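Here's a quick briefing to read with the model open beside you.

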Amino acid sequence: MASQLTLASSSSQRLELLSKIGITPDQIVSPRICESQEKGESLSNLSIRLAKQKALSVAKDFSGYFVLAADTIVACGRRELSKTT
């Protein structure tokens, strides 16, 4: 049996990026996590923490699948900019 890929994201942009390199996930699951920045947390650490939390959140329900998760933060210096919808 071939391994299956679960995309842990509800981002249409992430799905579009994958399709550009010929990857189609077997399923797409929107992770349910709190995306708030912790006090004193840098934006780069926030992005890494959120990506890990998204992966772990989805992986618990998809044992045996490859789970792809990521997070994007748009910033100018230390100031986070709002994401496009």
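**Briefing: charged pairs and buried spots**

Glu16 is partly exposed, with a relative accessibility of 43%; on this scale, buried is under 20% relative accessible area, exposed is over 50%, and partly exposed is in between (1.4 Å probe, protein chains only). Bear in mind that this is a predicted model, where local features need pLDDT of at least 70 and side-chain atom pairs count only at pLDDT 80 or more, while totals for chains, interfaces and linings use all residues. Numbering runs from 1 along each chain as its sequence is written, and side-chain values use heavy atoms, with hydrogens and water left out.

**Salt bridges**

- The count here is four salt bridges, a salt bridge being a side-chain nitrogen of Lys or Arg within 4 Å of a carboxyl oxygen of Asp or Glu.
- Glu16 pairs with Lys20 in one of these, at 3.7 Å from N to O.
- Glu16 and Lys20 are separated by about one helical turn, because they sit four residues apart in helix 1 (residues 12-20).
- Lys20 is exposed, at 61% relative accessibility.
- Glu41 and Arg49 form another salt bridge, with their closest N and O atoms 2.8 Å apart.
- Glu41 is buried at 13% relative accessible area, and Arg49 is buried too, at 16%.
- Glu38 joins in as well: Glu38, Glu41 and Arg49 are linked in a network of salt bridges.
- Lys54 and Asp71 meet through their side chains in a salt bridge of 2.7 Å, N to O.
- That pair ties together distant parts of the chain, with Lys54 in helix 2 and Asp71 in the loop between strand 3 (66-68) and strand 4 (74-76), 17 residues apart.
- Both Lys54 and Asp71 are buried.

**Ser47, on helix 2**

- Ser47 belongs to helix 2 (residues 43-59).
- Ser47 is buried, at 16% relative accessible area.
- Leaving out neighbours within four places in sequence, Ser47 is in contact with Asp71, Thr72 and Ile73; contact means heavy atoms within 4.5 Å.

**Pro25, in a loop**

- Pro25 lies in the loop between helix 1 and strand 2 (27-28).
- Pro25 is buried, at 11% relative accessibility.
- Not counting residues up to four places away in sequence, Pro25 touches Leu5, Leu7, Leu15 and Leu18.
- Pro25 and Phe66 are 41 residues apart in sequence and 9.7 Å apart in space, C-alpha to C-alpha.

**The whole chain**

- The protein chain has two helices and five strands; these are DSSP runs numbered from the N terminus, with helices (H or I) of at least four residues and strands (E) of at least two.
- In sequence order the pattern is β-α-β-α-β-β-β.
- The C-alpha trace spans about 45 × 30 × 15 Å along its principal axes.
- Of the 85 residues in the protein chain, 27% are buried.
- Among contacts between residues at least 6 apart in sequence, 43% join residues at least 24 apart.
- The accessible surface comes to about 6,200 Å², with 53% of it belonging to carbon and sulfur atoms; areas come from the Shrake-Rupley method with a 1.4 Å probe, and for residues only the protein chains shown count as cover.
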